[in-house]
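Welcome to a short tour of a protein model. Please have a look at the sequence and the structure below, and then we will walk through some parts of it together.

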Amino acid sequence: MPDHPVTALSIAGVELPSRLLLGTGGLPRVSLVGPVLAAAEPALVTVSMRRASSLADGSLLSVLREAEVRLLPNTAGCLSAREAVLTAELAREALGTDWVKLEVIGDEASLLPDVVELLDAAEQLVRGGFIVLPYTTDDPVIARRLVDAGCAAVMPLGSPIGSGLGVLNPYAIAAVRAAVEVPVVLDAGVGTASDAALAMELGCDAVLAATAVTRADDPVTMARALRLGVEAGRLAHTAGRIPRSEVARASSPMTGRVS
Amino acid sequence: MTITCNGESVRIAARTIAALLQQRLGAAQPDGVAVAVNGEVVPRSVWSAPLLCDGDVVDVVTAVQGG
């Protein structure tokens, strides 16, 4: 029995209000955060932890708190397990959440995950009581290792962060989905609504988008487009698509034609 | 006493994190802020304790827009 289309996404036993996770990085103005959140209706909203030079940055937090969204702090920019663990611990202290989007970047040009450091950090954070959602490669073997380490979900990349290239290897994403029992969140590479829909059609449980929304010409409208793309893709996945065929199959009856 | 706060050398009179935050951010117990001293998180519950030492490396962080 397939999931009912309206089945809610649940991560670590917490039922979430949608299947779109939203990153806030790159929005030109904090004043856009509220309207974008209203259009996206996100399940989780990511933020980064950075050195505070003034409390003006705090206005972001007040907007997010007013919207009553569940925060997902990330460890973006961390290059080692040590940095990522400290960043997660700081986020827990600052924001009062033990959820973390774990990122350990191995290469500042590609921003691809360093999966060795990632697994090390995931093991440490799970031991420390965190709900860990790791940003990882589209490799089902690594995904399974992360789940074995206790991660609550896995977040494979569709293509490099901020690239907007969409899902470059749909077979790998489907293989990740088949390899693990936890939710799979397509993270990174989403450029537009059809990318999000494809990820969902492949069986992903959710999609995380940041740049696709925040750097769109009209972030509010793109936020809505992605929400609808995620929903359309989820419905299509649940409905069960027709098999691909290399030959035509007429949909009109061949009998009774006028000749 | 001199410490390093967010990469800058800072002279402080009191040895508490609360005083440091008051000096740097204008609030002793700011919302949404966390502090690490020498790479270890210092919980808010002890921000009023005189625990800073000369030469300590302090990081003060908050949430910013990010993916």
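## A buried alanine in chain A

Let us start with A:Ala122, which has a relative accessible area of 0% and is therefore buried, the cut-off being under 20%. Please keep in mind that this is a predicted model. A:Ala122 belongs to helix H4 of chain A, which covers residues 115-127.

Which residues does A:Ala122 touch, once its neighbours within four places in sequence are left aside? The contacts are A:Leu102, A:Val132, A:Leu146 and A:Cys151.

## The annotated binding site

Next, a feature taken from a record. The unreviewed UniProt entry assigns "binding site" to A:Gly162, A:Ala188, A:Gly189, A:Ala210 and A:Thr211. These residues are spread over 50 residues of sequence, yet they cluster in space, with a largest C-alpha distance of 9.2 Å. The lining of the largest pocket includes A:Gly162, A:Ala188, A:Gly189, A:Ala210 and A:Thr211.

## Two of its residues up close

A:Gly189 is in the loop that runs between strand S9 (185-187) and helix H7 (193-201) of chain A. Its relative accessibility is 5%, so A:Gly189 counts as buried. Not counting residues up to four places away in sequence, A:Gly189 touches several residues, among them A:Ser159, A:Pro160, A:Ser163 and A:Asp195.

A:Ala210 also lies in a loop, here between strand S10 (206-209) and helix H8 (211-214) of chain A. With a relative accessible area of 13%, A:Ala210 is buried. What does A:Ala210 contact, leaving aside its neighbours within four places in sequence? The partners are A:Gly23 and, from chain B, B:Gly67.

## A look at chain B

Chain B has one helix and five strands, and along the sequence they follow the pattern β-β-α-β-β-β. Its radius of gyration is 11 Å, close to the 11 Å that the globule rule gives for 67 residues, so chain B is as compact as a globular protein of that length. The C-alpha trace of chain B spans about 35 × 20 × 20 Å along its principal axes.

Of the 67 residues in chain B, 45% are buried. Among chain B contacts between residues at least 6 apart in sequence, 46% join residues at least 24 apart. The accessible surface of chain B is about 2900 Å², and carbon and sulfur atoms account for 52% of that surface.

Conventions:
Residues are numbered from 1 along each chain as its sequence is written. Chains are lettered from A and ligands numbered from 1 in the order in which they are written. This is a predicted model: local features need pLDDT of at least 70, side-chain atom pairs count only at pLDDT 80 or more; totals for chains, interfaces and linings use all residues. Side-chain values use heavy atoms; hydrogens and water are left out. UniProt positions are given in the numbering used here, feature names are shortened, and annotations may be inferred rather than shown by experiment. On a 1 Å grid over the protein atoms alone, a cavity is a set of points where a 1.4 Å probe fits but cannot get out, and a pocket is an open set with protein on both sides within 12 Å along at least five of seven lines; lining residues have an atom within 4 Å of a point. Helices (H or I, at least four residues) and strands (E, at least two) are DSSP runs, numbered from the N terminus. Buried means under 20% relative accessible area, exposed over 50%, partly exposed in between (1.4 Å probe, protein chains only). Contact means heavy atoms within 4.5 Å. The radius of gyration is taken over C-alpha atoms; the globule rule is 2.2 Å times the number of residues to the power 0.38. Accessible areas come from the Shrake-Rupley method with a 1.4 Å probe; for residues, only the protein chains shown count as cover.
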